[in-house]
Amino acid sequence: MNREVHDQGVRRLRLPPPDRLLSSRTGYTRETWLAVADHLLDSLVPWFSASGAQVRLPGRGSWSGADCDGLEGFARSFLLAAFRMAADGRDERLVERYARGLVAGAAGGWPRLTPCSQQMVEAAAIAVGLHESRAWLWDKLDVPEQEKVVDWLGGFVGSRTWDNNWRLFQVVGEQFLASVGAPYSQDDIDSGLDRIEDWYVGDGWYSDGDGQNFDHYIGWAMHMYPGLWTRMAGPSADGRLTVYKERLHRFLEDAVHLTGTDGAPIHFGRSLCYRMATAAPYWMGALLDATPLTPGQTRRLCSGTLRHFIDHGVPDERGLLTLGWHHHFLPTTQPYSGPASPYWASKGFLGLLLPADHEVWTTRESALPLDEQDQVRAMPAPGFLIQATKHDGIVRLLNHGSDHGGEGDPHYNRLAYSTRTAPDLRTPEQHLDNHVTLVGAAGLPEHRGRIRRLSVTHGQAGSWWQAGEARIEVVSVVHGRIEVRCVLVDGPEGVVKHGGYAVAAVQQPDVTTESMWAQATRVDRLTSVVVGLHGYEKAAVRRDLDANAFGPHSATPYLEAQHDGTDPQVLVSAVVLSGDTVWPGALAESIEVTVDGRHVRLRFADGTTADVQLGEEVGDGGPAPIAGAPA
């Protein structure tokens, strides 16, 4: 086991020396992953209940209550423990700890499984963990103990779940029951697997339930659980396995572009406190032999993500994963998240199921696409356009398709997200960063709601939405690190506000404004700039405190324009997020803009041109059809 130094409650993570020969880019090896897993598991020991059935961590409770939160602590850490057991199976203390808690919990230490209860989520983790650690734990329980566990998991049979990724919890839960000869419903399994077919939208992408719900759940749930189910079902899964492997392979062709060269995932969507769980689909690709990545690329990507969070203070000084991103930050969480919710990070350790002699662990790390050159990738299925730059390693996701029901959640309603920034989390009427709003006479802007797609092609993507009485359309055109946003506003009289990226840090960012541009720069030179190219009248910067997951001080550059409410108005701006110095004046001079009615022609300094026609596809007011979805 990894040795740690204990000093007044501080648990320092001790990692093996970096191996720059095998892992030239991250220094991390399989031994590093084992050391981190051991540190996380050992740090939980003081928080186990007397019976061992619950892990009661400090912090804000979830809406499910303390008993369920304690179950969550056990179940999610058990998944990590199961992967750790499978890695070498030599730690008898770990086996005994979780075997004891498992029996005590199933015998009455956990709430029973009821329809649509949080217990179902945790039961799925236990079922998967039992399967993957079967030889070390399940097979060593006596029959009465196994019967207690089967009785508790039997709450899945014939029950009801929420109609999204939760359907897969029932699938893996009952597949484990089937594997041990316990009562189960094949109809439950088949209907759950059939249901996700309704959400498949093409190019390897699912929606997490009905609508346009695209985020990290597609990788760590919609692809991960079907893959785990095939491992549990064995030969009976062969028919579906072929389909799942083809889809996962195609998904990873896109997903490889969603991580920065520093290993940071894009800060986008819900449940961001799961952090390293974003590595799960890449490991699953290796497990199923269903990946376009080489073994060296897979480890470089996954180890990069682990190292990113380790380098940013995760876990904390107690060895615990907290509710937040780089540090504890409750505004970025959801009410269903409790103090142990971050331990879904266990999914990111899926690679420990690969044996030590697997080529993912033995091959030298190799470069990812962004390590070698800038990347622009259109993802029409989810409505994303990816803009990534090699010189600073930043990935930007331009969002013209994922709205999570159009509820105004800042983790979904922004025009862009990145690996180095997060949205400012203020009330909906104060949304500004990467947002376009029309502030009317009442002074209250409408947030970006249900996204109506226009198109997503290489280098250009567009969408529109209804904001109260106003229709707002945005088309993004990318060129290197520059994104040009062409905006069409059609609505009542008011003030149009258009923000760039919010940058945040421990120290206040420096800000500079001129009449037609504004910028904010962190100490590490991360810079956000907006430049008015057509129609804007004013530039400014808004500062915020304790509103951003990346630090207490944040700043958002933005532009303003008066809208007279008579005719649709065309506005054009340049938006840049860069790790290098940006000269806004030179940026403005480098882009030639010609506006003719609703047609915009752009000419960049290298002679490249782009044409944008605004206002052509208004539609019927409903969401644009999702590619590949049933009519």
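View 1. Arg84 is buried at 9% relative accessibility. Buried means under 20% relative accessible area, exposed means over 50%, and partly exposed lies in between (1.4 Å probe, protein chains only). The model is predicted: local features need pLDDT of at least 70, side-chain atom pairs count only at pLDDT 80 or more, and totals for chains, interfaces and linings use all residues. Residues are numbered from 1 along each chain as its sequence is written, and side-chain values use heavy atoms, with hydrogens and water left out. Asp38 forms a salt bridge with Arg84, with the closest N and O atoms 2.7 Å apart. Asp38 sits in helix α1 (residues 30-43) and Arg84 in helix α2 (residues 66-88), so the pair ties together parts that are 46 residues apart in sequence. A salt bridge here is a side-chain nitrogen of Lys or Arg within 4 Å of a carboxyl oxygen of Asp or Glu. Helices (H or I, at least four residues) and strands (E, at least two) are DSSP runs, numbered from the N terminus. Asp38 is buried too, at 3% relative accessibility.

**View 2. The salt bridge of Glu197 and Arg247.** The two side chains meet at 2.7 Å, N to O. Glu197 belongs to helix α7 (residues 186-197) and Arg247 to helix α9, so parts 50 residues apart in sequence are tied together. Glu197 is partly exposed, with a relative accessible area of 29%. Arg247 counts as buried, at 12% relative accessibility.

**View 3. The salt bridge of Arg420 and Asp524.** Here the N to O distance is 3.4 Å. Both partners lie in loops: Arg420 between β8 (416-418) and β9 (436-439), Asp524 between β17 (517-521) and β18 (527-534). The pair therefore ties together parts that are 104 residues apart in sequence. Arg420 is buried, with a relative accessible area of 17%. Asp524 is partly exposed, at 40%.

**View 4. A network of salt bridges.** Asp163, Arg167, Arg195, Asp198 and Asp210 are linked in this network. A search of the whole structure finds 37 salt bridges.

**View 5. A patch of negative charge on the surface.** Asp490, Glu493, Asp564 and Asp567 gather here. Patches are made of residues with over 30% relative accessible area and no salt bridge; like charges are joined within 9 Å, and nonpolar side chains (Val, Leu, Ile, Met, Phe, Trp, Tyr) within 5 Å. Asp and Glu count as negative, Lys and Arg as positive; His and the chain ends are not counted. Each charge is placed at NZ of Lys, CZ of Arg, CG of Asp or CD of Glu. Accessible areas come from the Shrake-Rupley method with a 1.4 Å probe; for residues, only the protein chains shown count as cover. Glu493 is found in the loop between β13 (482-490) and β14 (494-499). Glu493 is exposed, with a relative accessible area of 58%.

View 6. Strand β22 (residues 592-596) runs antiparallel to strand β23 (residues 599-603), joined by five bridges. Two strands pair if DSSP finds at least two bridges between them. Asp596 has His599 in β23 as its bridge partner. The β22-β23 hairpin has two residues between its strands, and Gly597 in the turn has a positive phi of about 65°. β23 also pairs with β24, again antiparallel, over five bridges. Arg603 is partnered by Thr609 in β24. The β23-β24 hairpin has five residues between the strands, and Gly607 takes a positive phi near 95°.

**View 7. The two faces of strand β24.** In a regular strand the side chains alternate between the two faces of the sheet. Along β24 (residues 609-613), Ala610 and Val612 point to one face and are buried.

View 8. Most residues other than glycine have a negative phi, and most peptide bonds are trans. Asp203 has a positive phi of about 55°. Asp203 lies in the loop between β3 (200-202) and β4 (205-206), and is partly exposed at 32% relative accessibility. Ser271 has a positive phi near 55°. Ser271 is in the loop between α9 (238-255) and α10 (280-287), and is buried, with a relative accessible area of 0%. Val314 and Pro315 are joined by a cis peptide bond, with omega about 0°. Pro315 lies in the loop between α11 (295-311) and α12 (359-362).
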